[in-house]
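Me: I would like a close look at a single part of the structure shown here.

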Amino acid sequence: MKIKHISLLIGIAFLFHACEVQIEDDRRILVKGNIIDSSNNPLANVSVRSGVEGTILGEAFSDENGQFQFTSLEADGNYALDIIVNLSSNDNNWKGSYNIEHIENPEYSAKRYFYNLTKRKESGYDLGQIILRNPARLTLFINNIPGDNNTLKYQLEYMPTICEIDLKSNNFESCWFNSDEYRHLDEDYSNIQVEVDSQLGSSVTFNYILNNEPMQSISIPLSNSENTYVFEY
Amino acid sequence: MFLNIKILLVALLISSLAMAQESGVHENIDSSYPQESTSQGKNIGNITIGPYIPSAIGNNFVNDGMGTKIGVRLSVKFIVLKSFYIGPYFSTFKADVTNRELLGNYNRTTNFLAGAVVGYEKRINDITFNLGIGLGRAIYHNKAQKNNFKDTAIALSLNPEVSYRISTYIGLYLAPEFRHDFMNIDVPDELNDTFNDVNYFTISFGLRINLGSAYKNL
């Protein structure tokens, strides 16, 4: 009976140990880049952190020229690497579950670079020029005109406030988000309000299919920090 | 740190002078013994143990990004051929990480060095001079917020040592050390200068235990 308990305790201890992030021995990587705003002005004191699963491996703040460079540890094992810019970190949001509440300096947008492959051999990551635009919000009203029994399917394409970029891609400015599936509105569920957190100077593309007719698109420019658009059908 | 070293050196100097005066009295008494008696005892070797004060020098991750603390050194020497000796050597010290942008996000390290030292010993009355070369494996046990990891190195050192006999079996030693750690850390080219190697100048002092009876008839 005693041996059984001891075995159980050892098993639990081993399980906890296995769940911990293992930092690779005898290894360092270098993370560097340059942060500017949409007018090409350098942004100082913006945080940049590398980490996995809630463990921060390296961090720095941009200097007065917007430049940053820091040494990071590397994780050993099956963990994706994140490099986050202008985002706070805690144990729960390292898997990409960020929202605008995690943005440290709310005057600017944020970025999350990710590398999902494990056993990474890269000696470092040069993020190049990172443009942090001002955030902008679109409030989209989709209203069904009373008396009409139309059906509407719609989809939104936009640049999110927290831009997610695959470190394996060649284009670090490519972070357009679009919902894969169309949302469906009918007479029972016809008037909705959608809020989109995006970036100032970009535009939101509203794709819609009305009564199974060919798809149409409307480009909604975000020229203010708060924008409103009403679509009636 | 430098202030502490100065205080230490002054203290050692004063204590050495005081002991030197005492030894003068001993010499007068001991001079009645025949000279041959000094060679009658057997010098097996000695054990030295004491504080270890490391100071990293040059551009490297320890000097630029850590604050080192006083550690401990243990050295055992066995005379194997006339005045030549060989023996195991251990040292350890802790350091706090002060520059995480340069080193990575961890808090502190504990350095262990285990190796061997070979050298030559010359005894003049109560004072013994040693010059040794050490080779060993150094491990930096690093502690991050939740995780541990390690950096490893091959350590090569030059170990001069001077010691003063208080009694047959007990003495004091002072050992400056020049140590070079060849680090095994895999880094990008930009960080090679920082992480490839570390130079230390260390000082150790403390107790020397003489093994054998070589000092009995001095």
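Which residue in β5(A) does A:Lys32 stand opposite? Please set the answer in the context of the surrounding sheet, the chain contact and the nonpolar cores.

Reply: The model is a predicted one. In it, A:Lys32 faces A:Gln69 of β5(A). The strands β2(A) and β5(A) run antiparallel and are joined by six bridges. They belong to an open, three-stranded sheet of chain A with mixed pairing, in the order β5-β2-β9. Its edge strands, β5 and β9 (124–131) of chain A, each pair on one side only. From one strand to the next, the twist averages 10°.

The contact between the chains draws on 23 residues from chain A and 21 residues from chain B. On the side of chain A that touches chain B, β2 (29–36) and β5 (67–72) are among the strands that each supply at least two residues, as are β1 (22–23) and β4 (55–61). The largest share, six residues, is that of β4(A). By type, this side of chain A comprises nine nonpolar, seven polar and seven charged residues.

As for the cores, the largest nonpolar one has 37 residues, and A:Val48, A:Val85, A:Leu132 and A:Val204 have the most contacts inside it. Strand β10 (residues 135–143) of chain A gives the most to this core, namely four residues. The core lies between domain 1 (22–131) and domain 2 (135–232) of chain A, because both give residues to it. Beyond its neighbours within four places in sequence, A:Val204 is in contact with residues including A:Leu138, A:Leu156 and A:Ile220. A second, separate core of 36 residues includes A:Leu81 as well as B:Leu102, B:Leu103 and B:Tyr106.

Conventions
Residues numbered from 1 in each chain as written. Chains lettered and ligands numbered in written order. Predicted model: local features only at pLDDT ≥ 70, side-chain atom pairs only at ≥ 80, totals over all residues. Contact = placed C-beta atoms within 7 Å. Nonpolar A, V, L, I, M, F, W, Y, C, P; charged D, E, K, R; others polar. Pairing = 2+ DSSP bridges. Axes fitted to C-alpha atoms, helices over the stretch in contact; angles between N-to-C directions. Core = buried A, V, L, I, M, F, W, Y, C linked by C-beta atoms within 7 Å. Buried ≥ 20, exposed ≤ 12 C-beta atoms within 10 Å, placed from the backbone. Domains from an automatic or database assignment.
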